Amino acid sequence: MDDRDINAGWPLNCPAPVSADSDRVLLAHGEGGRMMRRFIRDRIIRPLGNPRLLSMDDAASLSRIDGDLVMTTDSFVVSPLFFPGGDIGSLCVYGTVNDLAVSGAKPLYLTLSLILEEGLPLVVLDRILRSIADAATQTDVHVVAGDTKVVPHGAADGIFINTTGIGERIEPAPPGPTNLFEGDELIVTGPIGRHGIAVLCAREDLAMEPKPISDCGSLAIAAQALHKGLGNRLRAMRDATRGGVAAVLHEWAEASQRTLAINESDIPVSGDIRGVCELLGLDPLHIANEGTMLIAVERGAGDSAQRILHSLPESKHAARIGSVMSKQSSAVTVTRMFGRQQPLDEPQGAPLPRIC
Amino acid sequence: MKFVDEYRDPIAARKLLESIRRSASQRWTLMEVCGGQTHGLLRHGIEIELEGTIELIHGPGCPVCVTPLESIDFAHELAMLHTLSDHDVVLTSFGDMLRIPGSRGSLLDAQAQGAQVRTVYSPLDAVQLAKKNPNKEIVFFAVGFETTAPATALAVKQAAEEGLDNFRLLVAHVRVQPAMEMLLQSPHNRVQAFLAAGHVCTVMGYASYESLVEKYQLPIVVTGFEPLDLLKGILACVRQLEAGQARVENAYARSVHYEGNLQAQEIVREVYEVGDRLWRGFGMIPNGGLQLRRQWRQFDAQQHYALFGSLPIIESRQCRSADVLAGRIKPLDCAAFGNECTPDAPLGAPMVSSEGACAAYFRYRNPQVNPIDG
Amino acid sequence: MCLGIPGQVVKFTDASKPYAQAEVEFDGVRRVCSMACVPDAVVGDYVIVHAGIAITRVDPEEANRVFDELAAINEDAGWKDGQL
């Protein structure tokens with residue numbers, strides 16, 4: 001049974017027209033031989049625009065680099081595949097690039113593994129590959145290796161993508177969340193909750209206008225600027241993806257064995273995201289971001305950090321939201337109207353729209 | 001956000017708080033009826049600020065919490081029906097119901113086993129879904145108090161207007177006043193004044209509370225949900241109690257009128273009639289719910305799907321949600337709270353519903369954080 | 001069940017009774033809501049929306065009442081704004 005019409009999967013949401021069956025991914029595209037070779041060359045390698053891939057060797061040789069290597073991997077599944085502000089293609093590049101960037105590395109190389117569902121319209125695949133190529137160009141990373149598999153109809157949700165990234169560590173690397181100290185300042189690099197709300201509105205067809213737009217984008221420039229500008233006064237960076245800023249705060253509180261305290265009124269939230277969150281009973285702190293990070297800087301370095309962030313277009317709304325405190329009974333607290341610190345809960349599962 | 005932000009003004013809230021403290025000569029016991037109010041009182045820290053001044057008992061006004069296991073189990077079976085029969089049923093629901101534990105897990109658990117469950121924001125969206133998918137059978141899980149009944153009644157009327165024969169309701173609507181009366185009749189009742197549920201009153205008005213006030217001689221103050229609304233409602237209760245008065249008072253007049261929303265009531269009356277209803281944790285409450293009138297029977301999922309109902313209904317023995325819902329104990333008094341029972345692994349509905357008292361305590365009070373002076 | 005959020009009626013997308021619908025704006029985002037229960041509402045009014053249905057018009061005069069009451073508290077106690 002194909003229930004995509006009701007689950008708002010790719011055919012309904014993809015703006016590209018779907019015509020004859022020959023315009024779709026077939027099992028044969030993954031079964032070796034000439035058909036597969038042509039498919040990979042024309043549909044996948046060519047749009048990526050990297051001539052080295054055309055040799056279709058079994059492995060990529062990379063040039064020697066000076067610094068330490070940093071490596072990360074991530075798999076991407078999203079429904080719908082296209083959403084305002086991005087798609088699974090841009091997401092799979094920025095997601096991995098951002099993981100490298102917040103770890104204090106300059107992103108260099110990516111691998112790209114595609115699991116395609118039989119029947120995926122080729123126009124959808126083409127559009128995703130164009131997004132991947134654009135995002136790779138924009139972040140100056142090279143796709144150096146890849147793999148493509150086709151699974152029978154129903155065994156995947158259109159397309160799943162895995163990317164592995166390699167970067168070069170820039171010294172001095174931030175010591176990370178185990179090294180947070182009392183007085184350290186906490187900053188978010190932009191208005192929060194945009195990606196999760198954009199995808200939720202698109203997936204559940206919530207009919208909000210204008211459609212909320214995902215923050216899906218690169219953090220590499222902001223991370224490098226902070227790195228350069230603050231040196232060892234930069235303690236930690238983390239992109240606030242699933243579980244939102246609240247999830248990062250809880251992870252950091254546990255890693256540092258300290259309490260992280262934020263002020264509700266300091267948290268940047270754009271009007272449209274606030275409107276949707278109020279309407280659906282959601283807390284923006286629990287909602288995923290894909291181009292917004294939480295950073296911790298040494299006490300007193302917050303102003304410099306904000307100056308650096310405000311000079312970049314993608315982080316011009318960065319804001320200081322709180323600080324690190326000695327350990328209390330609650331790992332993470334939020335100060336609301338009466339100036340009292342109250343526990344901030346960890347998100348539980350995916351946010352569900354509610355009416356009560 | 002207009003009509004929201006100004007009611008969260010901390011300076012104004014402090015003034016009201018101070019005024020409540022000055023007015024109260026003793027520790028009065030109030031019950032906020034609606035779970036949304038419980039949530040607001042805890043989230044904004046009002047309950048802690050008033051500790052020692054006012055005792056707030058959390059009322060039964062979480063419709064998700066009082067939806068009987070039978071209904072949740074029925075919804076569960078409906079969502080699975082497509083795996084067992086030709087009925088290609090999609091269960092649509094507010095997100096609130098998805099994590100509530102039934103006898104055989106929650107609707108989210110069912111989804112993992114292949115159930116067709118879809119979250120919607122509005123029952124009218126479920127009607128649209130039925131229209132777009134004529135080969136599917138769309139059932140909407142109609143839970144909620146009088147606030148929500150106009151929306152589901154309207155959905156039925158629109159489905160009829162559109163001639164849809166693939167849209168039905170699983171009705172579990174509850175009425176708040178019979179539950180309030182039941183609490184007052186209890187020999188253990190300690191409630192000295194009610195903060196009545198503002199949005200229920202937006203639809204129903206508050207004329208019908210006059211008989212309650214007369215019979216039980218206690219103040220009932222219609223109260224909203226923002227911090228200033230809640231504080232204003234509490235202050236009004238305290239002033240009446242201090243003056244020895246018992247009146248119905250409206251502290252949410254920007255939204256609530258004496259007679260309520262007559263248009264909404266008319267729509268509800270057209271579609272529903274009052275009936276007895278089982279409340280989780282309370283048992284059968286006479287006139288405690290709404291049911292579809294005879295002429296709308298074809299939209300009644302319970303009539304249409306002769307479901308088995310043979311599976312046993314299993315309620316956790318450790319869960320004391322009945323006592324919490326009736327205001328007999330606070331969530332922290334339950335031995336399972338925070339131990340066997342957490343939002344990740346709830347034993348009862350109040351731990352997982354966003355309006356549930358146990359969930360509110362878990363989120364905002366556990367562990368308790370000391371105030372920072374300054 | 002009580003999540004009711006105030007929004008401003010921006011324009012009617014379907015003015016035909018009894019199923020009138022209008023775009024309602026909530027802090028920068030708009031959604032089409034049913035106006036079936038608020039037949040008197042006009043563009044510019046604020047309505048409280050619950051589950052996609054406007055359940056009442058917000059009465060702006062009454063909305064200010066709480067602030068009048070606060071002013072009265074000030075006078076009673078001889079307080080001035082910001083003193084707390």
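## A tour from the B–C interface to a helix pair

Start by selecting chains B and C together: their contact draws on 39 residues of chain B and 30 residues of chain C. Keep in mind as you look around that this is a predicted model.

The elements giving two or more residues to it are helices H1 (10-23), H7 (123-132), H8 (149-161), H10 (198-204), H12 (227-242) and H13 (262-271) of chain B. If you colour by class instead, you will find 21 nonpolar, 12 polar and 6 charged residues on the side of chain B that touches chain C.

The elements run β-β-β-β-β-α, giving 5 strands and 1 helix. Of the 84 residues in chain C, 44% are buried. Among its contacts between residues at least 6 apart in sequence, 26% link residues at least 24 apart.

For the last stop, bring back chain B and select H1(B) with H12(B). Their axes come within 9 Å and cross at roughly 15°, an angle under 35 degrees, so the two helices count as roughly parallel. The crossing of H1(B) past H12(B) is left-handed. To see the contact itself, show side chains: on H1(B), look for residues including Ala12(B), Leu16(B) and Ile20(B); on H12(B), those in the contact include Leu228(B), Leu231(B), Leu235(B) and Arg239(B). By class, this helix pair's contact has 11 nonpolar, 2 polar and 3 charged residues.

Definitions and conventions: Residues numbered from 1 in each chain as written. Chains lettered and ligands numbered in written order. Predicted model: local features only at pLDDT ≥ 70, side-chain atom pairs only at ≥ 80, totals over all residues. Contact = placed C-beta atoms within 7 Å. Helix = DSSP H or I, 4+ residues; strand = E, 2+ residues; numbered from the N terminus. Nonpolar A, V, L, I, M, F, W, Y, C, P; charged D, E, K, R; others polar. Buried ≥ 20, exposed ≤ 12 C-beta atoms within 10 Å, placed from the backbone. Axes fitted to C-alpha atoms, helices over the stretch in contact; angles between N-to-C directions. Parallel < 35°, antiparallel > 145°, perpendicular 65-115°, else oblique. Left-handed = near helix turned anticlockwise from the far one by under 90°.
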